[in-house]
Structure formats: structure tokens, C-alpha cells
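Let's take a friendly walk through this structure.

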There are 2 protein chains.
Amino acid sequence: MACRQSGLQMTPLREAAVSELWRAERPLTAYELLARLSEIAGRNLGPPTVYRLLDTLCQHGIARRIESLNAYVACHRREHDHECIFLLCQECGGATEIEDNGLERLLRKQAETAGFEMTRRVVEVSGVCAPCRTAVDSDGA
Amino acid sequence: MACRQSGLQMTPLREAAVSELWRAERPLTAYELLARLSEIAGRNLGPPTVYRLLDTLCQHGIARRIESLNAYVACHRREHDHECIFLLCQECGGATEIEDNGLERLLRKQAETAGFEMTRRVVEVSGVCAPCRTAVDSDGA
DNA sequence: AATGTAATGTTATACTATTGCATAACTGCG
DNA sequence: CGCAGTTATGCAATAGTATAACATTACATT
Ligand SMILES: [Zn+2]
Ligand SMILES: [Zn+2]
Ligand SMILES: [Zn+2]
Ligand SMILES: [Zn+2]
């Protein structure tokens, strides 16, 4: 992995957490991650441990919380100082991150119009991803 | 109130729930609403009751869930068949709904580019609202 | 070794939400 | 009216998500 820019020291636990989030092909809940890390560690970790890991990784932009799923993913982009836009598939549970392309500006402008100072934003789109659409189409459903 | 278009029958409980959401000057959690409705009813309602009320109201577009707060607000717009954009103030806890102005189209277009069929979206902006900004400014902080 | 800091462990608890089944209220009909 | 079908509500238990508070460990500096 290559995410060590920002002065975050990579401990074995953090290493394992990032690795599991990367391996997963969909967002993991905190307790799912907890179970996997416990298995890896060979002992039962507590909820605070995994929530602290997730907090730390999220603060460094390495992991992201999906608000509408109560779940967490690894951010797949190089620069970790951005806000993500996620496409969340209702069929396969997958989360895809897409490029911003002006949405940030548009949103910031509209917030400004309301006199609102924006510090964070959540943009999550639910629906059906391309692979799942073709799968459904060929069902003849 | 004037939200009876869509074939939702207004029972006393639903009436009270809508009323409390309107009166509140910020989003209410399910359990906050539960407490208020219990007080109004003069007996203790159970969690399922309030979650069912909220489900129903959300399905009819009368109430909305704020994903990043685990809380609920009454939608303040006439047409209840839209997706909302919320500005959430970190100072006062207030939630303001703003007009869409092309965001929906932009987002749908970008989803389409990814071959994604969009059925729902969440857009929530956190920051500081206009009144709270002026309040902070005049603090000399 | 003594100190300080960051990280992790542990226990308990708070908060959010749903399942499953029972009962009540309302509707339409014979 | 009596009844069936439907919608709404009541209720108990439990599942799922997250944090508080405090103890301990690991590691770097002196
Ligand atoms: Zn990202
Ligand atoms: Zn899919
Ligand atoms: Zn709205
Ligand atoms: Zn405010």
C-alpha cells in the first residue's frame, strides 16, 4: 500500500484494517470489520478498538464512512483530501466512487447563496450499478 | 396543515407526529419524537410505533431522514415528490432545505456516465448557517 | 530508569432500529 | 347488524450501531 503521506503511523492493526477494507468488495460495517480483525489477531477486539481505527483512518482520508449504510470503505483515490461521491448499488451492495466534475463548486455556490459556510458534505447516490443492470436485463425480467 | 394529497389517512398519531416535526426548529431523533408523542398521548409509546410513523411519513415525502444525523425533519416544500438538499448547521443544529437548481441533473448525468441507474440520492451539507456566522463574527473570536 | 505520548485493551452502557406477534380500529358487504 | 378484509397501533424482546471512562501497553526522549 502507498497511503503513508500524512504523518499517520502505520501500526499492525491499522495496516490490517486498511487491508481488510481494500479486500472487501463492498462497504463493511464496523462490526464486520471488527470480526475480521479479531480473526486476524486471534483474539476478540472490542468495539472501541475498531471505531478508533475507523476514526483515525477517516480523519486521514484513507477510509470513508457511508452515511446511508452505516458502513465504511477505503477511498480509492490518490489524493486523500477530497470529499467523495458514492454510487451505492442496491443489488450487489457495491460502492463506487466517482469524480466530482463541478458538483463541489455548484454545491458550494448554492450554499454560499444561502449564507452558509460549508465544511463538509455527503453525496450518496443509490441505485443499480452497470453490471447488475445487464444482469437484470438478461433475466428478461 | 395541508399535506393530505397522496392518499395518506391522517390519524391522530400521524397528525401529532407531523405537528411535532414542524414545531421543532431542528431535526428530531426518533427517540426524541417518541418522548414528545408519549407526553402528548399521556402514555408510553414503543419504538416501533414511532419508527412506523416516520416510515410512513417519509414514504409520503412529508418527513425526511437526515442520514448524517440519524434524525428526521418535516419537508418544507409543497411538492413532496422531490429529493431534498439539506444544509446542517453544526452550531445551532438547524436544518435548512435549499432548492435543487441543476444539481439533480448534474448528478444524474454523472451517474449515467458510469452506467448507473439512480433511484435515490442523499445530499447533506454540514457547516455554519448565516445567523450563527454573524453571531460568531460579532464575538470577535 | 523516569517521563511523556500515542495506541490499544476492557467493561459497561447509550443510542438507533427491527422482528414478530397481539390487539384494535376502520371499511365494505351480505 | 354480523362478518371478513384491511390498516393501524400496542407490546416485548432483541438486534445493530456507537461511545464513555478508565486501565494498560508500547515506544521514544531524556
Ligand atoms: Zn474518495
Ligand atoms: Zn451492483
Ligand atoms: Zn424537501
Ligand atoms: Zn446555525
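In this predicted model, 35 residues of chain B are in contact (heavy atoms within 4.5 Å) with 35 residues of chain A. About 2800 Å² is buried between the two chains, 60% of it from carbon and sulfur atoms; buried area is the accessible area (1.4 Å probe) that two parts lose on being put together, summed over both. On the chain B side, B:Q110, B:F116 and B:V125 lose the most area to chain A, together 20% of what that side buries.

There are two salt bridges between chain B and chain A, each a side-chain nitrogen of Lys or Arg within 4 Å of a carboxyl oxygen of Asp or Glu. A:R133 forms one with B:E117, with the closest N and O atoms 3.9 Å apart.

Now to the metal. The zinc ion (ligand 4) is held by the SG atoms of B:C89, B:C92, B:C129 and B:C132 at 2.2 to 2.3 Å, where donors are N, O and S atoms within 2.8 Å of the metal (3.2 Å for Na, K and Ca); water is not among the atoms, so sites may look incomplete. Along the chain, these donors follow the spacing C-x2-C-x36-C-x2-C.

| Residue | Relative accessible area | Class |
|---|---|---|
| B:C92 | 42% | partly exposed |
| B:C132 | 15% | buried |

Residues are numbered from 1 along each chain as its sequence is written, and chains are lettered from A and ligands numbered from 1 in the order in which they are written. Local features need pLDDT of at least 70, side-chain atom pairs count only at pLDDT 80 or more, and totals for chains, interfaces and linings use all residues, while side-chain values use heavy atoms, leaving out hydrogens and water.

Conventions
Buried < 20%, exposed > 50% of the residue type's maximum accessible area, 1.4 Å probe, protein only.
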